[in-house]
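Please keep the sequence and the 3D view side by side as you read.

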Amino acid sequence: MFQELLIALNGVPGSIFFDSPEGIKISSCIPNLHPAEREILGRLCSLGTKYKFLCEFVKKYKFRTITTENEISGLYLQAFCSGLEVVLGEYQQELVQIEQEILKDAFLPLTHFLKLEKYTLLFQVLFDIVCQISNEKIHGCRILELLFKSSSSGVVLVEVAMNKIMQHCHSVMYRQVFYWMMNGYIEDPYNEFFIQPENSPKPSPSLPIAGSLSAEKNSTSITYKVKPQLLPSYIPSSLAAKILFVGEYVAVLGTAENSESYSLFLKKEHVFAKKFERLSSRPLFSLLSFETTIDDIKRCAAERLWEVIVKQANVVNHLKIMKDFYLLGRGELFLNFINEANNLLRMPVTTTAESDASKLFQIVARRTFLDDDVITDKFHVTLQAKNIKSGNVNKDNLSKAKLETGWSSIGLYYDIPHPLHILITPSVIDKYNMIFRFLLSVRRVQIELHKSWALQMQIKGAGAESRLMPFWQLRSHMSFLIDNFQYYILVDVLESCFSSLTDKLETVKDFEEIQQYHNRFLTSVISQCFLELWTVHHSLEEILELCSSFCTLVNRVTVTINPKDVNMFENIKSNFQRQTSLLFRILSGVRSHQVSPHLAQLLLRIDYNKYLTSCGGQLGGFFEEFEESSRGIGMSFYKDIGLRVLYDHSYMSLNHSSRMSINEYSSVFL
């Protein structure tokens with residue numbers, strides 16, 4: 001009977017231990033069995049049943065390569081079966097040892113077989129894993145996650161077995177990571193790797209030839225991403241992103257016009273291959289060793305990519321071009337564009353507005369860049385409404401959409417040359433467009449205020465100076481604030497940050513550092529333009545809106561003024577006073593805590609002689625002083641004194657290094 005039992009424990013039923021739907025059972029015809037012996041035999045039969053099930057699973061899937069809709073397959077599944085076979089081999093060796101002991105001593109008791117009960121918990125864990133893989137169609141790196149969760153059981157035998165199986169599965173992952181980081185694309189017919197194309201191809205039963213020319217050509221047009229559901233939890237997402245970036249770096253190196261950098265990178269392939277071989281030979285997964293190997297490859301790839309980006313692609317020159325367009329570096333270009341496109345873009349966005357605005361932009365750009373059509377052809381105007389999103393339309397959104405104009409939704413599309421797309425990503429372009437919209441709104445309001453001054457000069461002497469004097473005084477204060485804010489942006493923010501960026505790019509020798517410095521540059525500009533400081537940004541936008549409304553009002557007010565226009569003017573004036581006072585209090589409050597030095601710099605530009613401090617930080621609030629004086633001595637005094645404030649065109653001709661306060665600015669002709 002012991003021989004029959006050994007065969008049954010090996011997963012092969014016979015006459016005494018027969019196969020049934022519930023598994024291997026002991027025959028009830030065997031006489032003289034003590035109930036305790038029958039219970040032991042039942043437990044051993046359960047062990048043989050699970051062993052048989054696991055062996056059948058290994059036999060079915062170890063060499064399976066054809067994928068069907070209802071079946072699973074893949075490299076990780078084959079590696080799992082190989083590791084499972086190794087674990088089951090230790091159980092088989094235990095059976096062989098028991099058989100040898102029985103042959104030496106035929107009078108051994110049945111309890112001698114109880115030494116196999118240590119495999120009961122292990123086989124139960126393996127049985128559950130195999131059932132979960134089969135029922136839930138788990139494949140790829142998800143098998144690693146399943147094994148990792150089962151390895152933390154506290155049972156030494158189970159942990160050792162799980163680590164052995166994981167070692168086989170990790171070998172597949174190491175090969176895929178190495179292939180991806182060396183070639184910049186991945187041959188993954190079963191979609192198992194945690195890095196997948198954006199549009200994953202359907203699984204193919206046949207594995208393409210690695211390194212084929214067709215694969216290399218196709219890889220340049222495929223965008224890859226990390227698939228979180230395939231990423232094991234013990235591998236950080238930051239490390240997976242690092243692996244993704246290295247593959248993208250190498251893809252850029254492989255498609256560069258001069259492949260010398262890529263050839264130099266590949267010369268170290270055997271060095272990196274040995275490192276991955278050492279990782280595969282480790283019985284336990286070491287995250288530290290794995291990340292160190294990734295960092296070594298990343299460092300080498302970043303150095304080679306630096307040569308391509310800086311020397312071949314001339315990244316500094318392209319960043320200067322982006323500064324000229326996105327950061328309004330070419331002021332004459334956008335001065336002409338604002339004048340040409342204002343009538344079109346101040347209206348709500350229509351279906352043809354984007355194409356019309358792009359045509360106007362191209363005409364103005366060609367007029368500005370007479371000798372460089374290549375640059376102008378790479379930029380196009382885009383209009384994207386921010387308030388309405390697809391699938392989220394309601395009455396509130398529809399009402400907001402009516403207020404969405406071309407200026408509030410304008411952006412620039414840049415046809416980024418290869419290989420700079422790895423540095424200037426879509427998210428980077430979105431940040432540039434956010435800055436671009438804000439700078440353009442400031443510049444547009446500044447131009448409108450200057451046009452109001454020109455209108456003021458045209459109607460001077462028409463006999464309406466006394467009635468229009470409050471308008472011109474408010475315009476003077478508005479221009480003072482906007483001009484100084486524009487000067488702060490251009491000099492203290494843009495020029496300072498960009499100069500710092502170019503200086504740092506001349507010293508770095510690593511693409512990663514280029515990327516970091518460029519991201520810091522954008523972050524600094526966004527921060528110092530207050531685009532993410534809601535209180536300051538909202539106040540500035542309100543001020544810009546008030547200035548624009550004021551210019552619209554001034555353009556229709558000539559010699560005669562009706563009560564409606566007076567009421568609108570009083571409303572604009574009071575709101576402007578309130579917003580400037582709020583802005584001053586915010587800037588003063590933050591500056592006192594020394595949280596943001598750039599806030600203090602802006603405050604210095606508009607309050608360097610403490611005039612705003614003395615009047616409570618309120619611009620546009622000194623009309624009452626002139627009105628009180630004019631009541632006592634007549635309108636002639638109002639005209640003689642106040643009219644001198646109108647001639648502030650000299651302020652615009654002053655050098656930026658000799659900016660004036662509002663006192664000097666308003667009384668430059670006194």
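K137 sits in the loop between α4 (119-136) and α5 (142-151). The model is a predicted one. Phi of K137 is near 55 degrees, a positive value, and K137 is not a glycine.

N314 lies in the loop between α11 and α12 (315-326). N314 is not a glycine, yet its phi is positive, at about 55 degrees. The relative accessible area of N314 is 38%, and therefore N314 is partly exposed.

Another loop holds a peptide bond to look at. P419 lies between β6 (410-414) and α17 (426-458). The bond that leads from H418 to P419 is cis. Its omega is near 10 degrees.

Now step back to the whole chain. The protein has 670 residues, and 47% of them are buried. Its secondary structure comes to 27 helices and six strands. Consider contacts between residues at least 6 apart in sequence. Of these, 74% join residues at least 24 apart.

Helix α11 covers residues 287-312. The axes of α11 and α19 are 7 Å apart, and the packing angle is about 70 degrees. How do α11 and α19 lie to each other, roughly parallel or roughly perpendicular? Angles of 65 to 115 degrees count as roughly perpendicular. The two helices, α11 and α19, are therefore roughly perpendicular.

Which residues meet there? From α11 come K298, A302, L305, W306, I309 and V310. From α19 come F511, E512 and I514. By class, this contact of α11 with α19 has seven nonpolar residues and two charged ones. It has no polar residues.

L505 is found in helix α18. Leaving aside neighbours within four places in sequence, L505 is in contact with I514, V316 and L319. The relative accessibility of L505 is 5%, so L505 counts as buried. L505 and Q515 are ten residues apart in sequence. In space, their C-alpha atoms are 9.8 Å apart.

Now turn to the aromatic rings. The count of aromatic pairs comes to 35. One of these is the pair of F498 and F521. Their ring centres are 5.9 Å apart. Their planes stand at 70 degrees, so the pair is edge-to-face. The cut-off for edge-to-face is over 60 degrees. The pair links distant parts of the chain, with F498 and F521 23 residues apart. F498 belongs to helix α18 (residues 465-505), and F521 belongs to helix α19 (residues 511-528). Both F498 and F521 are buried.

K323 lies over the face of the F498 ring, at 5.5 Å from the ring centre. Elsewhere, K50 lies over the face of F127. There the distance to the ring centre is 5.8 Å.

Ring pairs also build a cluster. It links F325, Y326, F334, F337, F361, F379, W407, Y414, Y432 and F436.

Helix α14 covers residues 353-368, and E354 lies in it. E354 and H380 are 26 residues apart in sequence. From C-alpha to C-alpha, E354 and H380 are 9.2 Å apart.

The last stop is S548. Helix α20 (residues 534-556) holds S548. At 17% relative accessibility, S548 falls under the 20% cut-off, so S548 counts as buried. Which residues does S548 contact, leaving aside its neighbours within four places in sequence? S548 is in contact with R444 and E448.

Methods:
Residues numbered from 1 in each chain as written. Predicted model: local features only at pLDDT ≥ 70, side-chain atom pairs only at ≥ 80, totals over all residues. Heavy atoms only, no water. Phe/Tyr/Trp six-rings, centres within 6.5 Å; stacked < 30°, edge-to-face > 60°. Helix = DSSP H or I, 4+ residues; strand = E, 2+ residues; numbered from the N terminus. Buried < 20%, exposed > 50% of the residue type's maximum accessible area, 1.4 Å probe, protein only. Lys NZ or Arg CZ within 6 Å of the ring centre and 35° of its normal. Axes fitted to C-alpha atoms, helices over the stretch in contact; angles between N-to-C directions. Parallel < 35°, antiparallel > 145°, perpendicular 65-115°, else oblique. Contact = heavy atoms within 4.5 Å. Nonpolar A, V, L, I, M, F, W, Y, C, P; charged D, E, K, R; others polar.
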